[in-house]
Amino acid sequence: MNTTNHHSAATPSYIFETRMQVRDYECDIQGIVNNANYLHYIEHTRHRFIRSLGLSFADLHSQGIDAVVARMNIQYKSPLRCDDEFISRLNVAKKGAHFVFQQDIYRAADEQLCFTASVVLVVLVGGQLVINSPYDELLNYVARNN
């Protein structure tokens with residue numbers, strides 16, 4: 001599993017991280033990553049995290065269980081450029097029916113924070129909002145292993 005814990009006054013604590021690299025077609029005419037691609041990066045990170053826990057969005061969907069984004073709060077801090085390697089990190093907490101993912105992207109070369117997001121997901125079973133779902137196992141696993 002690609003997990004890490006960062007414990008310093010300046011750096012938040014994370015339970016998962018993955019590395020990726022900017023591809024040229026993700027950049028705009030200014031030579032920086034197009035803003036929409038950051039959403040792809042953090043979604044891919046959530047998918048890798050879920051997969052690292054032995055869960056699969058596709059398998060759960062086939063059972064009528066879907067985690068869907070309810071809202072996001074995003075901030076662009078410093079641009080990534082073509083060929084930059086970056087580290088996408090996350091943490092997650094459960095608040096009522098919501099799973100709140102804190103997701104941050106850092107440029108690998110200098111650990112510069114480039115993007116930060118709070119992503120709120122809810123779980124639907126058969127199209128209905130539920131408070132307890134198989135995704136709760138995700139938090140139980142995280143709590144046991146941190």
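Which residue forms a salt bridge with K94? The partner is D136, and the closest N and O atoms of the two are 2.7 Å apart.

## Basis of the model

This is a predicted model, in which local features need pLDDT of at least 70, side-chain atom pairs count only at pLDDT 80 or more, and totals for chains, interfaces and linings use all residues. Residues are numbered from 1 along each chain as its sequence is written, and side-chain values use heavy atoms, with hydrogens and water left out.

## Confidence

The pLDDT is the predictor's confidence in each residue, from 0 to 100. Its mean over the protein chain is 88, and 86% of the residues reach 70 or more. Within the chain, confidence is highest in β1, at 97, and lowest in α3, at a mean of 68. Over residues 1–9 the pLDDT is below 50. This stretch has 25 contacts in the model beyond near neighbours in sequence, a contact being heavy atoms within 4.5 Å. Where pLDDT is low, the predicted coordinates should not be read in detail.

Helices and strands are named here from DSSP runs, numbered from the N terminus (helices: H or I, at least four residues; strands: E, at least two).

## Salt bridges

A salt bridge is counted when a side-chain nitrogen of Lys or Arg is within 4 Å of a carboxyl oxygen of Asp or Glu. The whole structure has six salt bridges. One of them joins R89 and E17, with the closest N and O atoms 2.8 Å apart. R89 lies in strand β3 (residues 85–95) and E17 in strand β1 (residues 16–21), so this pair ties together parts that are 72 residues apart in sequence. Both R89 and E17 are buried, where buried means under 20% relative accessible area, exposed over 50%, and partly exposed in between (1.4 Å probe, protein chains only). E17 and R89 also belong to a network of salt bridges that includes E111.

The salt bridge between K94 and D136 has its closest N and O atoms 2.7 Å apart. K94 lies in strand β3 and D136 in helix α3 (residues 136–144), so the pair ties together parts that are 42 residues apart in sequence. K94 is partly exposed, at a relative accessible area of 24%, while D136 is buried, at 13%. A further salt bridge links the side chains of D110 and R107, at 3.2 Å from N to O. D110 is partly exposed at 45% relative accessibility, and R107 is buried at 15%.

## Aromatic rings

A pair of aromatic rings is described by the distance of the centres and the angle of the planes. Rings of Phe, Tyr and Trp (its six-membered ring) pair if their centres lie within 6.5 Å; planes under 30 degrees apart count as stacked, over 60 as edge-to-face and the rest as tilted. The count comes to eight aromatic pairs. Among them is the edge-to-face pair of Y14 and Y106, at 6.2 Å centre to centre and 85° between the planes. Y14 lies in the segment before β1 and Y106 in strand β4 (residues 98–107), so the pair ties together parts that are 92 residues apart in sequence. Both Y14 and Y106 are buried.

The rings of Y38 and Y76 have centres 5.5 Å apart and planes at 75°, so this pair is edge-to-face. Y38 lies in helix α1 (residues 35–52) and Y76 in strand β2 (residues 65–76), so the pair ties together parts that are 38 residues apart in sequence. Y38 is buried at 3% relative accessible area, whereas Y76 is partly exposed at 41%. Y38 and Y76 form one aromatic cluster with Y41, F86 and F115.

The charged end of R89 sits over the ring of Y106, 4.8 Å from its centre. For this, NZ of Lys or CZ of Arg must be within 6 Å of the ring centre and within 35 degrees of the ring normal.

## Around Q103

Q103 is in strand β4 and is buried, with a relative accessible area of 0%. Leaving out residues up to four places away in sequence, Q103 touches several residues, including R89, L90 and F115.

The side chain of Q103 makes a polar contact of 2.8 Å with that of R46. A polar contact is a pair of N or O atoms within 3.5 Å; within protein, one must be able to donate a hydrogen and the other to accept it, and residues adjacent in sequence count only if both atoms are side-chain atoms. A polar atom of the Q103 side chain also lies 2.9 Å from the backbone oxygen of I42.
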